[in-house]
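Here is a short briefing on one protein model. Look over the sequence and the fold, then work through the points below.

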Amino acid sequence: MGPLALPAWLQPRYRKNAYLFIYYLIQFCGHSWIFTNMTVRFFSFGKDSMVDTFYAIGLVMRLCQSVSLLELLHIYVGIESNHLLPRFLQLTERIIILFVVITSQEEVQEKYVVCVLFVFWNLLDMVRYTYSMLSVIGISYAVLTWLSQTLWMPIYPLCVLAEGMYFTYSHLYSERRDILGIFPIKKKKM
């Protein structure tokens, strides 16, 4: 007598796919909530909504980014088939910017650049998680596939530009203020 066949939903491949589907669904819901909240707030309050973006959605953003660290484990144990190093670098960059730069410095939390970064990050993640979620269950849409594989091309450089320009400008301005404050320019006597 041979071993009993397991129902399809108990087989390892289906459990893995079910787990990944639920993971991607949770991430999609979180990022969609953030993006929708930011959009509604912008249309309701205009530019004023950008100043308190972090206060309105920062907790959910930190939660989504923290949960995204599971993707490193997924890749490491073979549940997800991506390259570990590029994903590690992307997640590390976001975690450092979100937790070390934005969360720890209240003066940064009110800057427009935070809103811009959150829009870009969430737009990319909504598309990525939708694509991944549907791929796990074997559904493919050409437009979604193209968008998932192409959207990062204009948005990622804009993210890097927003991060690099703001923080570089802020650092240089602080340095200028500190140096010129120490060495004031003397007025010439006429």
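**Cysteines and overall fold**

The whole structure was searched, and 0 disulfides turned up. This is a predicted model. The protein has 9 helices and 0 strands.

**Overall make-up**

- Along the sequence, the elements run α-α-α-α-α-α-α-α-α.
- The protein has 190 residues, and 33% of them are buried.
- Take the contacts between residues at least 6 apart in sequence: 72% of them join residues at least 24 apart.

**Cysteines**

- A disulfide needs the two sulfur atoms within 2.5 Å.
- Cys64 lies in helix α3.
- Cys64 counts as buried, because its relative accessibility is 5% and the cut-off for buried is under 20%.
- Setting aside neighbours within four places in sequence, Cys64 is in contact with Gln27, Gly30, His31 and Ile34.
- Gln27 is 37 residues from Cys64 along the chain, yet their C-alpha atoms are separated by 6.4 Å.
- Cys159 is buried as well, with a relative accessible area of 2%.

**Helix α1 against helix α3**

- Helix α1 covers residues 12–45 and helix α3 covers residues 53–67. They pack at an angle of about 165°, and their axes are 10 Å apart.
- α1 is therefore roughly antiparallel to α3, since angles over 145 degrees fall in that class.
- The crossing of α1 past α3 is left-handed.
- On the α1 side, the contact is made by Tyr23, Gln27, Gly30, His31, Trp33, Ile34, Asn37, Met38 and Arg41.
- On the α3 side, it is made by Thr53, Ala56, Ile57, Val60, Met61, Cys64, Gln65 and Val67.
- By class, the contact of α1 with α3 holds 10 nonpolar, 6 polar and 1 charged residues.
- Cys64 belongs to this contact, and Gln27, Gly30, His31 and Ile34 of α1 are on the list of residues it touches.

**Helix α3 against helix α7**

- The axes of α3 and α7 come within 11 Å and cross at roughly 40°.
- That angle makes α3 oblique to α7.
- α3 passes α7 in a left-handed crossing.
- From α3, the residues in contact are Thr53, Phe54, Ile57, Met61 and Gln65. They meet Val114, Cys115, Phe118, Trp121, Asn122 and Asp125 in α7.
- The contact of α3 with α7 divides into 7 nonpolar, 3 polar and 1 charged residues.

**Helix α7 against helix α8**

- At what angle do α7 and α8 pack? The angle is about 130°, with the axes 9 Å apart.
- The two helices are therefore oblique to each other.
- α7 passes α8 in a left-handed crossing.
- Val127, Thr130, Tyr131 and Leu134 are the α7 residues in this contact. Their partners in α8 are Leu144, Thr145, Leu147, Ser148 and Gln149.
- The contact of α7 with α8 has 5 nonpolar, 4 polar and no charged residues.

- Thr130 sits in helix α7, which spans residues 112–136.
- Is Thr130 buried or exposed? Thr130 is buried, because its relative accessible area is 17% and the cut-off is under 20%.
- Beyond residues up to four places away in sequence, Thr130 touches Phe28 and Leu144.
- Thr145 is found in helix α8, residues 142–150.
- Thr145 is partly exposed, with a relative accessible area of 24%.
- Not counting residues up to four places away in sequence, Thr145 touches Tyr131 and Ser140.
- Thr145 and Arg128 are 17 residues apart in sequence, and their C-alpha atoms are 9.1 Å apart in space.
- Both Thr130 and Thr145 are listed in the contact of α7 with α8.

Conventions. Residues are numbered from 1 along each chain as its sequence is written. This is a predicted model: local features need pLDDT of at least 70, side-chain atom pairs count only at pLDDT 80 or more; totals for chains, interfaces and linings use all residues. Side-chain values use heavy atoms; hydrogens and water are left out. Buried means under 20% relative accessible area, exposed over 50%, partly exposed in between (1.4 Å probe, protein chains only). Axes are lines fitted to C-alpha atoms, for helices over the stretch in contact, and angles run from 0 to 180 degrees between N-to-C directions. Helices (H or I, at least four residues) and strands (E, at least two) are DSSP runs, numbered from the N terminus. Angles under 35 degrees count as roughly parallel, over 145 as roughly antiparallel, 65 to 115 as roughly perpendicular and the rest as oblique. A crossing is left-handed if the near helix is turned anticlockwise from the far one by less than a right angle, and right-handed if clockwise. Contact means heavy atoms within 4.5 Å. Ala, Val, Leu, Ile, Met, Phe, Trp, Tyr, Cys and Pro count as nonpolar, Asp, Glu, Lys and Arg as charged, and the others, Gly among them, as polar.
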